[in-house]
Amino acid sequence: MRADENPRRNFLKGCVAAGGVAAASAVAPPVAARETRQRPPEALGLLFDATLCVGCKACVAACKQANENPAEFSTVDPLWDTPLDTSARTYNLIKMYRHGTMETKDAETNGYAFMKTSCMHCADPSCVSACPVSAMTKDAATGIVEYNPEACIGCRYCVAACPFGIPKYQYDSAYGKIGKCELCRHRTKDGHYSACAEVCPTGATLYGKTADLLAEAKRRLALKPGSIARFPRGNLSGGPDQSYEAYAGTYKQHVYGDTEYGGTQVLKLSAVDFEKVGMPYLPPEAAAAHSETLQHTLYGGLAMPVVVLGALTWAARRNVHRGGDSNGDGGSKEGEK
Amino acid sequence: MAHSQHLAAPVGGRLLNNATLVAGVLIAIMAAVLLARFIFGLGAVTHLNDGYPFGIWIVVDVVIGSAFACGGFSVAMLVYIFNRGEYHPLVRPALLASLFGYTLAGISVIIDLGRYVNFWHIYWPGYANINSVMFEVAVCITAYVAVMWIEFAPVFLEKFGLHDIRKKLDKALFVVVALGTLLPMMHQSSIGTLLVVMGTQVNPLWQTQMLPLIYLLTAISMGYGVVLFESCVAASGYRRKIETHLLDPMAKVMLGVLAAYLVVRFGDLLVRGALGEAFKPTFVALSFWVENFCFAAPFLLIGNAAARRNPAKLFLAGVAIMFGGVFLRLNGFLIGYDTGPGWNYFPSAPELLVTIGMFSIEVLGYIVITRTFPVLPREEAYIKAHA
Ligand code: SF4
Ligand code: SF4
Ligand code: SF4
């Protein structure tokens with residue numbers, strides 16, 4: 001008896017093939033295991049120090065102007081730009097934390113605090129990993145996460161993926177774009193840098209190389225709370241010295257963005273718990289690394305699909321004509337028996 | 001009459017009836033909504049927002065719709081890969097439903113894309129990002145739609161008497177069948193992987209490196225569930241006999257896949273220590289239990305052989321497993337997805353009408369094609385062979 005005449009035995013063979021494939025995929029070492037990426041050495045970014053922020057929102061206005069974005073209104077009379085959250089036309093916003101009587105600045109209980117919301121320029125950005133058409137890219141040198149509307153298909157996977165809710169889509173437009181901070185990369189060619197940092201009167205938003213910003217952040221964490229210290233303004237890694245003297249804040253001993261998802265190029269200091277001011281807890285391994293490890297373990301070099309396809313073709317070749325897809329017009333071996 | 005069980009024939013009958021009329025009206029309403037969407041933008045007709053950028057057009061029409069459309073793949077795998085030729089009469093109807101499900105999922109994506117004119121970038125080397133899970137899903141689904149039309153082509157070729165092409169196609173059909181099994185395995189698992197990059201925003205109950213396997217196993221078992229459901233509906237709609245002799249053993253296969261799934265699912269939750277989330281007093285936790293109750297229900301309904309010969313119970317088991325899959329996907333993509341406070345999403349009426357319109361196209365297409373083309377098993381031959 002030929003093996004392929006025994007359906008049960010063939011069924012078993014099919015199972016063996018399938019089992020082999022499953023086992024191969026289960027034990028295959030994740031050769032492509034993709035480590036979480038680190039910031040490039042010359043990465044550019046911002047340092048936001050919530051204890052220095054006075055909530056003047058000059059940076060919000062400057063960002064609007066620098067990116068030619070229109071005002072957005074949330075009040076009955078549309079008098080001032082009053083967005084309640086970042087949007088595809090508001091890339092930067094100062095949000096407020098309030099508690100109880102709101103007496104003391106930077107106190108968790110009965111206090112208030114400010115927090116900047118804008119793209120963190122992640123070392124291993126989820127939005128870049130997610131984008132199917134390379135419309136979100138990370139510059140190899142500056143590490144700026146850039147958006148290209150000419151490439152974008154508007155799938156909004158980047159919106160779903162970003163852990164900070166940064167990329168936003170223009171739902172009110174027939175052919176909307178994504179909007180997000182690109183660290184004012186369009187302003188560097190005429191000697192400018194991030195508009196938000198340029199206008200910040202207290203240096204709460206500081207521009208520079210992330211390595212320098214991180215060192216500066218760590219210097220501040222080591223200061224004695226309430227002591228007088230010097231605080232730079234504007235561009236930390238170049239330009240004129242605009243530093244001034246102020247009191248050191250009572251910092252939480254963590255630089256937000258140092259390790260989150262492998263690190264971000266925008267760093268933050270706060271006296272109020274980071275989660276309370278809207279900065280989520282993120283583990284040191286980036287979600288992008290997890291996602292790409294899976295993707296490349298399964299499909300890297302198309303190795304696994306080709307093996308599985310081979311097994312399937314082998315099985316289908318034996319069975320397709322036996323099963324006789326022909327509908328009664330000959331060609332079925334079973335019909336010839 | 002070894003042949004009889006392979007015979008398929010058009011059902012015949014009038015194309016215009018109450019069912020097709022209602023479907024037609026619903027499709028017209030959908031067309032009106034879509035016109036508004038293309039003129040005024042997504043926000044004009046949907047409740048999509050930046051906290052929930054994927055709405056029901058993606059989660060229901062694509063993520064769930066394509067899993068429902070796994071009947072063709074699940075049955076074809078039984079017949080051609082595991083050589084269970086006896087299920088052959090189920091292949092064509094299942095494949096037809098899959099064809100519609102996937103083709104419409106593809107159309108839903110285009111409708112949902114904010115910058116649809118650029119959609120070809122996904123296939124273009126300079127743009128395509130091979131690290132993106134969405135890229136894998138999109139390319140794979142496109143390829144599968146093409147493969148399915150080829151797999152289904154014999155039906156049209158038969159009808160129009162193009163036997164030469166038919167014979168040539170037959171020779172290469174095994175390659176098409178193999179591809180038609182591989183591609184859905186790839187993208188159904190990747191649809192699960194889509195959630196991985198969303199990281200901590202997805203509740204730990206649905207965020208795991210096992211997502212590809214979880215989505216694949218449920219897609220396969222949903223495929224069988226849909227065949228149970230659809231066989232019962234087609235039988236009652238067309239007043240035909242139910243193929244219990246086929247559905248009973250197939251249901252057993254389905255239970256096997258389902259058991260494997262539950263082991264993987266709960267094993268993973270235990271290993272990761274995520275099960276605690278399920279005992280918090282939250283709506284999300286409740287939704288988790290509804291999901292898993294649906295997956296467990298088939299064992300209660302058709303766990304024994306006698307119950308598997310009962311069409312009503314087979315039908316219910318099919319429905320239960322479909323709901324399980326629906327909840328798994330809704331939970332991962334919407335209910336257990338949380339971007340932070342202040343964001344809500346519930347589909348708008350026009351948004352729902354588009355999804356309903358898409359479903360109507362499926363029903364209308366199924367009726368028209370089964371009435372005019374040889375898809376369903378021929379009734380007299382069938383009765384003779386099994387009388
Ligand atoms: S914050 Fe969001 S948008 Fe900005 S780089 Fe990170 S993932 Fe991308
Ligand atoms: S919306 Fe545009 S930028 Fe965002 S993931 Fe989709 S294609 Fe990429
Ligand atoms: S860097 Fe430029 S775009 Fe980004 S928040 Fe500051 S001003 Fe806005």
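User: Which of the 14 residues around ligand 2 come nearest?

Analyst: This is a predicted model, in which local features need pLDDT of at least 70 and side-chain atom pairs count only at pLDDT 80 or more, while totals for chains, interfaces and linings use all residues. Residues are numbered from 1 along each chain as its sequence is written, chains are lettered from A and ligands numbered from 1 in the order in which they are written, and side-chain values use heavy atoms, without hydrogens and water. A residue is near a molecule if one of its heavy atoms lies within 4 Å of it. For ligand 2, the nearest are A:Cys131, A:Cys152, A:Cys155, A:Arg156 and A:Cys158.

User: How do the residues of the shell around ligand 2 divide?

Analyst: Ala, Val, Leu, Ile, Met, Phe, Trp, Tyr, Cys and Pro count as nonpolar, Asp, Glu, Lys and Arg as charged, and the others, Gly among them, as polar. Around ligand 2 there are 12 nonpolar residues, one polar and one charged.

User: Which residues come nearest to ligand 1?

Analyst: They are A:Cys119, A:Met120, A:Cys122, A:Cys127 and A:Cys162, out of 14 around ligand 1. That shell has 11 nonpolar, two polar and one charged residue. The shell of ligand 3 has six nonpolar, four polar and one charged; among its residues are A:Cys63, A:Lys116 and A:Cys196.

User: How many residues of chain A are in contact with chain B?

Analyst: Contact means heavy atoms within 4.5 Å. By this rule, 77 residues of chain A touch 77 residues of chain B.

User: How many salt bridges does the rule find across the interface of chain A and chain B?

Analyst: A salt bridge is a side-chain nitrogen of Lys or Arg within 4 Å of a carboxyl oxygen of Asp or Glu. Across this interface there is one. B:Asp112 pairs with A:Arg156 in a salt bridge, with the closest N and O atoms 2.6 Å apart. A:Arg156 is also one of the residues nearest to ligand 2. Over all chains, the structure holds 29 salt bridges.
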